[in-house]
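Biologist: I am new to this one. Please walk me through the terms as we go.

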Amino acid sequence: MQVLIKSAVIVDPNSPYNGKTQDVLIENGTITDIKAKIPATGIKNVVEANDLHLSPGWFDMQAHFQDPGFEYKEDLSSGIKAAAAGGFTGVAVLPSTNPPLHSKTQIEYVINKTAGQIVDVYPIGAISHRLEGNDLAEMYDMKMSGAIAFTDDIHPVMSAGLLHRALLYTKSFGGLIISRCNDTSLATGLCVNEGKVSVMLGLKGEPSIAEEIMITRELFLAEYAEARLHISSISTEGSVNLIRNAKKKGLPITTSVNAYNLAFEDTELLDFDTNFKVSPPLRNKTDIKALKKALSDGTIDVICSDHRPEDEENKKLEFDLSTPGMLGIQTMYPLINMYSDLTQQDIVTKIAINPRKILGLEIPGIEKGKKANITLFSPSTEWTLEKKHILSQSYNSPLLNKKLKGKLIGIINHDSYSPNNL
């Protein structure tokens, strides 16, 4: 297959062409030429677009494809389609399925079912058996079968002893623990930030300290075990300060934030819209400002979608009874583009380069002779998200019928080109 990309701004901090507007020729899955002008004679697939940008393929480090067990919400096939439409050539999928991804059998199921697709899917295994926090799962076997990391997702490991053993165990074979910090003895489970909004709603709020106390514990455990640790889904100013200080001490800590925690304040909940009910909850302006600063100064390494499809039966309920989660993989880039203070190069670093670096994956590059793993996008193009655009099995997005800025043009991976025709 031949693809010629015309007049694209290259966004790749590791490329000698970074920041330059160039034509890029791809033949049989490899970048064969990069120059100011390449003739299009005889080439069928020519990509041209307003304000066209080109970067290494994006990677979502935290998405829930609900398969196996909850295929009526999302399955691996629909998840891949949504990921491609969102600009992602790689996705790490969470283990909160039924059964959970807690043994090599489930890991192999995901890998075999997604083999040969344009989007690379990497399963994350569970830390504990059945995500129950009591006994360690078969992490070594899962690693040998292809698990990229280990987490109990939104089921925090409350036992410090178990997490310490997990850190020591994975350290022995080069595994990575991802911790979602939320002390369930302090958290209410209602997914509303404790503050003015929770009082106005008449709901018991989730205090910031529930996240921050557990982060403090994780940092001590990582230092004690002398092990790498990734802390996901941070959402408060206090969490940012804790992680910034830990990095200054030289601890091998990385962290990520969800795009919705950068874009939306807790005031969005005043209408009781359950599509804004997420975990961690939407926080206040002070927290959002701290998160944005932490992205700019490198305290936060990665931005994730936290894509969580939910069906109407779990969302069209009274607020306190509804299930947290929103669609995110198709709209993550516009949210970052609109609501963060990052340059396009910084965005690419947070959603393409750093996730792979943390997970130990090969980082794609925009250079001659490199395999083409590419995302094409237009930062200035505006569009409106309509229901027909959503490729997930579920529709729980608060962005329906909202104008967004920043559009995916297409992705290229494994000698395949998937244009965004939405």
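Modeller: Start with contact: it means heavy atoms within 4.5 Å. This is a predicted model, where local features need pLDDT of at least 70 and side-chain atom pairs count only at pLDDT 80 or more, while totals for chains, interfaces and linings use all residues. Residues are numbered from 1 along each chain as its sequence is written, and side-chain values use heavy atoms, with hydrogens and water left out.

Biologist: Which residues does Gln22 touch?

Modeller: Leaving aside residues up to four places away in sequence, Gln22 touches Ile5, Lys6, Ser7, Ala8, Ile10, Tyr17, Ile34, Lys35 and Ala36. Gln22 lies in strand β2, residues 21-27. Strands (E, at least two residues) and helices (H or I, at least four) are DSSP runs, numbered from the N terminus.

Biologist: Why does Gln22 count as buried?

Modeller: Buried means under 20% relative accessible area (exposed is over 50%, partly exposed in between, with a 1.4 Å probe and protein chains only). Gln22 has 12% relative accessibility, so it counts as buried.

Biologist: What makes α4 oblique to α6?

Modeller: Helix α4 (residues 160-173) and helix α6 (residues 208-225) pack at about 40°, with axes 10 Å apart. Axes are lines fitted to C-alpha atoms, for helices over the stretch in contact, and angles run from 0 to 180 degrees between N-to-C directions. Under 35 degrees is roughly parallel, over 145 roughly antiparallel, 65 to 115 roughly perpendicular, and the rest oblique. Therefore α4 is oblique to α6.

Biologist: Why are α11 and α12 called oblique?

Modeller: Helix α11 (residues 332-339) and helix α12 (residues 344-359) pack at about 140°, their axes 11 Å apart. So these two are oblique to each other. Met332, Tyr333, Ile336 and Asn337 of α11 meet Gln344, Ile347 and Ile351 of α12. That contact divides into five nonpolar, two polar and no charged residues. Here Ala, Val, Leu, Ile, Met, Phe, Trp, Tyr, Cys and Pro count as nonpolar, Asp, Glu, Lys and Arg as charged, and the others, Gly among them, as polar.

Biologist: How far is the sulfur of Cys304 from the closest cysteine sulfur, and what follows for a bond?

Modeller: The distance is 14 Å, again to Cys181, and that is too far for a bond. Cys304 is buried, with a relative accessible area of 1%.

Conventions:
Disulfide = S-S within 2.5 Å.
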